[in-house]
Amino acid sequence: MAGLAGGGNPAQSGAMDIDAALIEAIEARRDDLVALTQDMVRIPTLNPPGLHYRDICELLSARLEASGFTVEMIRAYGAPADSDRYPRWNLVARREGTAPGDCVHFNGHHDVVETGHGWTVDPFGGEVRDGRVYGRGTCDMKGGIAASVIAAEAFLAVCPDFRGAIEISATADEESGGYGGVAYLAEQGYFDPARVQHVIIPEPLNKDRICLGHRGVWWAEIETQGRIAHGSMPFLGDCAVRHMGAVLAEMEATLFPLLAGKRTAMPVVPDGAKASTLNINAIHGGEPEQDEDYTGLPAPCVPDRCRITIDRRFLIEEDIAEVKSEIGALMERVRAARPELRYEIRDLFEVQPTMTDRDAPIVRTVEAAITRVLDRHAEFVVSPGTYDQKHIDRIGRLKNCIAYGPGILDLAHQPDEWVGIDDMADAAKVMALTLRELLA
Ligand SMILES: [Zn+2]
């Protein structure tokens, strides 16, 4: 907005005063921000199996009710892994403004992955040291949830008369696909564009980066089939492992070079993920592996089955039908040289790539807020792997969605995970200025 000749723009200077008040309100809540992060980290919401989901939802529910939100606790009955022993609890909190307008939704997953080895601090202690909060889930992503709560509370204190609505959700199972969390809520209409217009997922992408989306995924199992026979007379059988060897050789010769040559215009980080990729997740053929305490010998058999699981990550420029037919064509090339080969390809899982438009309202608003708070230009990135945005996009049909939050992505799932207190406060400021721009 350019100032009019001969004087400043009153709307702009008003917004700047409000922004200064918001930044001050967040600075005043720094201790609260740290304490809320610690409180969440001390609830070990491990997934799998899905522990203490109800406890963390209750903690946030009490907190947000006290801030004037209407809170719903939603269990994903019947979702994968939901059981009475490990119920998949989610929380959705909504605070209405005083006039109609858009709804801005912050969605964070409350589950964390196992701790693993190598910790020098208590993974569930929430220790504060050198300006950081340590513990499993600090960075991924309880620090991000805390930043969004503080941002909303600071905004409500500075701008009590706002239009539209603010929503904060804490959801289950992102680490295991999100089916008991965001996917379930999306199916229930919680991400219907008539209800919610802007979504920020505070995953740890760094406070100056906006993540627009992610690559696509196709998981499949390829099975080569042969015929069992006595291992002393392999010529009487047909070895499925040798067939698979030919499949792998064909992949090395033609598929991997082809994939490496496909480059996307999406700003995927790290750079290696700007190409199409394929991981061979597992291979198995022949006699099942015995328990470690088995002391006998194998039995001589020609393997009649060999299976690999492939994890193909594809680009927005690729079509999933094309991705699948690439593998189909490869198998046919192998069969041309091995007429006795029989095979099956089984689909396991697929996710379409998604990328929010660079000019979408939430992108432009957060970009401007980053410049204002951090005095630098935002970097735009796309994630190599997927996260809950896939459900908001595909089931919720809501496109105006980004991931933006504090924390260094590389620390996620590592020992001695931490989140910087300054980073949380800065991200909260960016979120609060975003609320001001969209709702005040
Ligand atoms: Zn995460």
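1. Helices (H or I, at least four residues) and strands (E, at least two) are DSSP runs, numbered from the N terminus. The model is predicted: local features need pLDDT of at least 70, side-chain atom pairs count only at pLDDT 80 or more, and totals for chains, interfaces and linings use all residues. Residue numbers start from 1 along each chain as its sequence is written.

2. Helix H6 covers residues 240-260, 21 residues in total. From first C-alpha to last it reaches 28 Å, close to the expected 30 Å, where the expected span is 1.5 Å times one less than the number of residues. H6 bends by about 45 degrees at Glu252; the bend is the angle between axes fitted to the seven residues ending there and the seven starting there.

3. Buried residues of H6 are Ala240, His243, Met244, Val247, Met251, Leu255 and Leu259 (buried: 20 or more other C-beta atoms within 10 Å of the residue's own, with C-beta atoms placed from the backbone). Their cover includes strands E9 (216-225), E10 (277-285) and E11 (305-314), and helix H7 (320-337). Contact here requires C-beta atoms, placed from the backbone, within 7 Å.

4. An open antiparallel sheet has three strands in the order E4-E5-E16; strands pair if DSSP finds at least two bridges between them. E4 (128-129) and E16 (418-420) are the edge strands, each pairing on one side only. E5 (residues 132-134) and E16 share three bridges, and Tyr134 has Trp418 in E16 as its bridge partner.

5. Helix H2 (residues 30-41) packs on this sheet and touches E4, E5 and E16; its direction makes about 10 degrees with that of E5. Axes are lines fitted to C-alpha atoms, for helices over the stretch in contact, and angles run from 0 to 180 degrees between N-to-C directions. Helix H10 (residues 421-439) lies across E5 and E16, at about 60 degrees to E16.

Notes:
Buried ≥ 20, exposed ≤ 12 C-beta atoms within 10 Å, placed from the backbone. Contact = placed C-beta atoms within 7 Å.
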